[in-house]
Amino acid sequence: MDKGTTAKVAEIRPASPETSDKETPSQADAPAKRAKSPLKKVESVVSLPIENKLHEADARAKDFFNFRGLRPQQLRRRILTLSFALMVLIPSLLGATYFLLIASDRYSSTIGFSIRGMDGASAGGDFLGALTGLASVGTTTTDSFILMDYLKGREVLERLSKDESILKHFSEENIDFIYRLDRTLPIEELVWYWDSMITTSFDNTSTIIEVEVQAFSPEMTERIASRVLSYSSELVNTLSQNARRDAVKFAEEEVHRAELRLKMIRMRMKNFRSVESSIDPTKNAEVQIELIAGLEKQLLDTRSRLATLVGTIDESSPTIRQLRKQEEVLVKQIVNKRDEISGRNPVPSQQAAHGTDRLSSLSSLLANYEELLVEQEFAQQAYTAALAGLERSRAEADRQQRYLAVFQPPSKPQEAIYPRRLINSLILFLGLLAMWALATVIAYSIRDHLK
């Protein structure tokens, strides 16, 4: 046999017992080892497909993010899938995680009331506002909008912080990181936070106001709602008092002006009477007229007697001379009296020598007195009218008084209704999906127009 045939026979020939004993000790011990470690066998059997799947996933991921060598249509589909994951899936999962696992429970208490007037015409007076949706000036609708703005403002926040320590409550550690308040923030941001914890609504038709207050415990929610109702009642009372005061203020000012004018005219009348030494010049005029009439009657009698005696007795007789002299005196007296009334009489020298002032003429006295009298009567009438207007204004102000009619008082909540975990998660997903779809449509539209 040649060497090649001998080699083949040697390869086919079975090993000798000695050789087999020396070469296969591990094979003989293998069953024992496998019997001693069955878990390792299971792990080795299970780990192989898992490792294979992980390698396949890594390979797929690498292939997915490998944009080289892709056709344009495949590239667009891959970018669309990636954008859907980044814009919709991941934010939705994060939002659902927050709403379902992290968000703190918020309790709610609702207050219902209406601003009413004493005349009971709050709804009817705001009919135009109910139709147009606009506030009617001077009605309870205006007060309602003022109240809603007030409840969301800085003053209410400061009063609640002082009375109920709401800033401390909103900054507790058990509140989630989004709704936990930082008390070191400026007041404007604190007001913005308070605005997110209170909701107000107004019905133009029924003039009903509903206020919803949120907090992180039932007790604090009830206390805050009670304080809000108390502050609302105080504000409505203040607005009512201010409206009544403003309505009466103008009428009171008119009365004050009319009274002051009447006092000034009466003071002028007093000074006039004191200076002229005449209480009522019209009475003096009547007396002067009566005196002139008497003197004229005497003059007429004297002239009648003269006419009877002339021709019967001598002109130089004592009777005729006495009657002539009496006639002359009467004529002078009548002229003087008329001059006193008309004011044409000069100042007598005897009165000037004695240093006495000449009184004003009766006609000028009457003119001044009548002017003062007319002004006094007019001022008296204006004062009377102002008093009547003041009484009407007070009656109207009493009818316009406002008050708070509460039909839904604050109550202690038993269950937290916020956040709406499932609804918020669904809304978040649908919103993100809509935004992604809109962005996709816009991108495709731009791509089509660029072709």
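What share of the 451 residues in the chain is buried? Buried residues make up 27%, where buried means under 20% relative accessible area, exposed means over 50% and partly exposed is in between (1.4 Å probe, protein chains only).

Before you click around, note that this is a predicted model: local features need pLDDT of at least 70, side-chain atom pairs count only at pLDDT 80 or more, and totals for chains, interfaces and linings use all residues. Residues are numbered from 1 along each chain as its sequence is written, and side-chain values use heavy atoms, with hydrogens and water left out.

**The whole chain**

Switch to cartoon view for 17 helices and four strands. These are DSSP runs (helices H or I, at least four residues; strands E, at least two), numbered from the N terminus.

**The sheet**

Now select the four strands, which form an open antiparallel sheet in the order S2-S3-S1-S4. Two strands pair if DSSP finds at least two bridges between them. At the edges sit S2 and S4 (402-408), each pairing on one side only. From one strand to the next, the twist averages 25 degrees; angles run from 0 to 180 degrees between N-to-C directions, and axes are lines fitted to C-alpha atoms, for helices over the stretch in contact.

Zoom in on S3 (residues 208-215), where six of the eight residues are buried. Eight bridges join S3 to S1 (residues 107-117) in antiparallel fashion, and isoleucine 111 stands opposite valine 211 in S3. S3 also pairs antiparallel with S2 (residues 198-203) over six bridges. Pick out two pairs here: isoleucine 198 has valine 213 in S3 as its bridge partner, and aspartate 203 stands opposite isoleucine 208 in S3. S2 and S3 form a hairpin with four residues between them. Click on threonine 207 in that turn to find a positive phi of about 55 degrees.

**Helices on the sheet**

**H9 against H12**

Keep H12 (residues 218-276) and bring up H9 (residues 154-163): the two pack at about 130 degrees with their axes 11 Å apart. They are therefore oblique to each other; angles under 35 degrees count as roughly parallel, over 145 as roughly antiparallel, 65 to 115 as roughly perpendicular and the rest as oblique. For side chains, show Val156, Arg159, Leu160 and Asp163 in H9, which meet Ile224, Arg227, Val228, Tyr231 and Glu234 in H12. Contact means heavy atoms within 4.5 Å.

Further along, glutamate 253 is also in H12. Is glutamate 253 buried or partly exposed? Glutamate 253 is partly exposed, with a relative accessible area of 35%.

**Last stop: H5 and H17**

Finally, select H5 (residues 72-102) and H17 (residues 421-450), whose axes come within 9 Å and cross at roughly 160 degrees. That makes H5 roughly antiparallel to H17. Residues to show at this contact include Phe84, Met87 and Phe99 in H5, along with Phe429, Trp436 and Tyr444 in H17.
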